[in-house]
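Dear colleague,

Please find below the structure that I am handing over to you. My notes on what was found in it follow directly after it.

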Amino acid sequence: MKSCTSKNTIVVACRTIAAELNLAIRETGCPYPVLWVDAGLHRSTSALHSRLQAELDRIENVGRVILAFGFCGHALEDLTAGDFELIFPRVDDCITLLLDPTTQGKEMGTFYLTPGWLDNEISLWNEYQQTIKRYGQTKADHIYRIMLTGYRRLGLIDTSVYSVTEFMLKTRKIAAAFSLTQQAVPGTIRYLKKLLTGPWDDEFIVIAPGESVGLEQLLPFSAARNL
Amino acid sequence: MSEQEILEQLAHTVVEGEEETAGVIAQQALDAGIDPGIAIVNGLAKGMETVGHYFESQRYFLPEVVLASLAFQAGVKVLQPHLKATAVKTGVVVLGTVQGDTHDIGKNLVAIMLGAAGFEVHDVGRDVPPEVFAAKVKETRANILGLSALMTTSMAGMKTVIDLLKKEGLREQVKIMIGGAPVSERYAHEIGADAYSVDAVSAVRLAQSLVS
């Protein structure tokens, strides 16, 4: 892995992965400033898109902007880089970023969690509590049974920034409420570290200054065809 | 209550997600002699349209949408048996969530609403392999195929289905519409689908326009 050389870089990142990204920054010694974007924007890809573009539009006098985001629906589609190179990982969302696609993929039927997701104000659990308050326990359970159809496990991603044992305890009530089994899943910050240091090879998408992110760059099958 | 008031009540029960009340008001609509088709389109579906707007503007979130769809379904259950059999079927739809994806709330809602609008709906479920879509299109002689995907990883599977239909010579008989959070109009165009729908209410209008 290359060492961190450019001082002329800024990171725009999702707050959900703050703990993991901060660790990656410490371990790589890349002291780039980070603009955090609230995870709540994930609810709407268009809101997230507008916010990311607004952040990019505020940035001047840097050579490179690193987006610590997955594609998140089509939130990155049409983003335009200013007078800087724009780099982001070739992953559908930040779960994949933490799971490391070179070793394993996402498993269907698993609802992935890290403390970063859970601490988010609009997390699965908080939203469930709100629903109970609003509609009562019976109706809330009915709604969540429908919402979580197809999910059988809670996957607790071990990204090494927190104690999985404690997280198991903390999420026990969630698993019980939704009849899901708990499973620790090996995670990594390898991808995040490489995002900071490069080399920005096939695992990343690099947009030249002034260029926009094209839909074809985000499509898995186009990506495969062009590689 | 006047006909207009009953229709507004129907819409209101959907917006508020009142499953039990929706059935009661639907029965009132029938008792008042309101055409069940009108009760669905100008009552229940109007409510669903409002829910769609609320969801888009983030006033509503998924739990409210689920509740609304349950209320919609409860109303339709009362009204549907009384729908006059139309001489001409609106269309035959095969609908499902593509392989690798188990999200089906939106797809189920589209299925209910298309059924209420007079389409013959064959819901093939979730995590559906391309071969199953193709076989069902062939078997039912469907003129519309609806594909849903909620993940950036699974949306590529839509193109696999379309490619298989082409290979099997079925592509020409069927209009393909797609939907789901990560897809877009441009994506539909890119993969060779006919149309994209942003939500369940628009999906019904879109399906109607595709077969007209």
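The side chains of A:Arg134 and B:Glu64 form a salt bridge, with N and O 2.8 Å apart; the term stands for a side-chain nitrogen of Lys or Arg within 4 Å of a carboxyl oxygen of Asp or Glu. Between chain B and chain A there are three salt bridges. Four residue pairs are in polar contact between chain B and chain A, both residues being at pLDDT 80 or more. A polar contact is a pair of N or O atoms within 3.5 Å; within protein, one must be able to donate a hydrogen and the other to accept it, and residues adjacent in sequence count only if both atoms are side-chain atoms.

Please note that this is a predicted model, in which local features need pLDDT of at least 70 and side-chain atom pairs count only at pLDDT 80 or more, while totals for chains, interfaces and linings use all residues. Residues are numbered from 1 along each chain as its sequence is written, chains are lettered from A and ligands numbered from 1 in the order in which they are written, and side-chain values use heavy atoms, with hydrogens and water left out.

On the side of chain B that touches chain A, the elements giving two or more residues are α2 (19-31), α4, β2 (120-128), α7 (156-167) and α8 (185-191) of chain B. Helices (H or I, at least four residues) and strands (E, at least two) are DSSP runs, numbered from the N terminus. The largest contribution to this side comes from α4(B), with six residues. By class, the side comprises 15 nonpolar, eight polar and ten charged residues; Ala, Val, Leu, Ile, Met, Phe, Trp, Tyr, Cys and Pro count as nonpolar, Asp, Glu, Lys and Arg as charged, and the others, Gly among them, as polar.

In total, 33 residues of chain B and 30 residues of chain A take part in the contact, which means heavy atoms within 4.5 Å. The two chains, B and A, bury about 2700 Å² between them, and 62% of it is on carbon and sulfur atoms. Buried area is the accessible area (1.4 Å probe) that two parts lose on being put together, summed over both.

Chain B is divided into domain 1 (3-82) and domain 2 (92-211), with bounds from an automatic or database domain assignment. Their C-alpha centres lie 25 Å apart. Between domain 1 and domain 2 of chain B, about 870 Å² is buried, 80% of which comes from carbon and sulfur atoms. B:Met48, B:Glu49 and B:Phe72 supply 37% of the area that domain 1 buries against domain 2, more than any other three residues.

One salt bridge is counted between these domains. B:Glu49 forms a salt bridge with B:Arg205, the closest N and O atoms being 3.7 Å apart. The elements giving two or more residues to the side of domain 1 that touches domain 2 are α3 (36-56) and α4 (62-79) of chain B; α4(B) gives the most, with seven residues.

The sheet of chain B

Five strands of chain B make up an open sheet with parallel pairing, in the order β2-β1-β3-β4-β5. Two strands pair if DSSP finds at least two bridges between them. Since β2 and β5 (195-196) of chain B stand at the edges with a single partner strand each, one side of each is left without a neighbour in the sheet.

With kind regards
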